Amino acid sequence: MAKGKDVRIRVILECISCVRKGANEESTGISRYSTQKNRHNTPGQLEFKNFCRYCRKHTTHHEIKK
């Protein structure tokens, strides 16, 4: 059995376009995706291009802290 911290952790990705707009009239919310990452292979923050249903286009999603 492994001791200490888990290698795979759950992270939340958030749309940076919606965050910049501040959820105003154009954007009704903030798009978020949950995924897992390997702590040893990717020690930095994740960044993916996913579909944002509020912006209605593919935008960059960054990892946020819990």
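Visitor: Asparagine 38 first: buried or exposed?
Guide: Asparagine 38 is buried, because its relative accessible area is 18%. Buried means under 20% relative accessible area, exposed over 50%, and partly exposed in between, with a 1.4 Å probe and protein chains only.

Visitor: And what kind of model are we looking at?
Guide: This is a predicted model, where local features need pLDDT of at least 70, side-chain atom pairs count only at pLDDT 80 or more, and totals for chains, interfaces and linings use all residues. Residues are numbered from 1 along each chain as its sequence is written, and side-chain values use heavy atoms, with hydrogens and water left out.

Visitor: Back to asparagine 38, which strand does it lie in?
Guide: Asparagine 38 belongs to strand β2, residues 32–38. Helices (H or I, at least four residues) and strands (E, at least two) are DSSP runs, numbered from the N terminus.

Visitor: What does its side chain reach?
Guide: The side chain of asparagine 38 gets to the backbone nitrogen of histidine 40, at 3.0 Å.

Visitor: Which residues is asparagine 38 in contact with, leaving aside neighbours within four places in sequence?
Guide: Val7 and Arg8 are in contact with asparagine 38, where contact means heavy atoms within 4.5 Å.

Visitor: Switching to charges: how many salt bridges does the count come to?
Guide: The count comes to 2 salt bridges. A salt bridge is a side-chain nitrogen of Lys or Arg within 4 Å of a carboxyl oxygen of Asp or Glu. In one of them, arginine 32 meets glutamate 14 at 2.6 Å, N to O. Arginine 32 sits in strand β2 and glutamate 14 in strand β1 (residues 8–15), so the pair ties together parts that are 18 residues apart in sequence.

Visitor: Are those two buried or exposed?
Guide: Arginine 32 counts as exposed because its relative accessibility is 52%. Glutamate 14 is buried, at 12%.

Visitor: What does glutamate 63 form a salt bridge with?
Guide: Lysine 37, and the closest N and O atoms are 3.2 Å apart. Glutamate 63 is in strand β4 (residues 57–64) and lysine 37 in strand β2, so this pair ties together parts that are 26 residues apart in sequence. Both glutamate 63 and lysine 37 are buried.

Visitor: Now cysteines. How many disulfides does the count come to?
Guide: The count is 0 disulfides, a disulfide being a pair of cysteine sulfur atoms within 2.5 Å. For cysteine 15, the nearest cysteine sulfur is that of cysteine 52, 3.8 Å away. For cysteine 52, the nearest is that of cysteine 18, at 3.4 Å.

Visitor: How accessible are cysteine 15 and cysteine 52?
Guide: Cysteine 15 is buried, with a relative accessible area of 0%. Cysteine 52 is buried too, at 0%.

Visitor: Where is cysteine 18?
Guide: Cysteine 18 is placed in helix α1, residues 16–21. At 0% relative accessibility, cysteine 18 counts as buried. Its C-alpha is separated by 5.4 Å from that of isoleucine 30, 12 residues apart along the chain.

Terms used:
A polar contact is a pair of N or O atoms within 3.5 Å; within protein, one must be able to donate a hydrogen and the other to accept it, and residues adjacent in sequence count only if both atoms are side-chain atoms.
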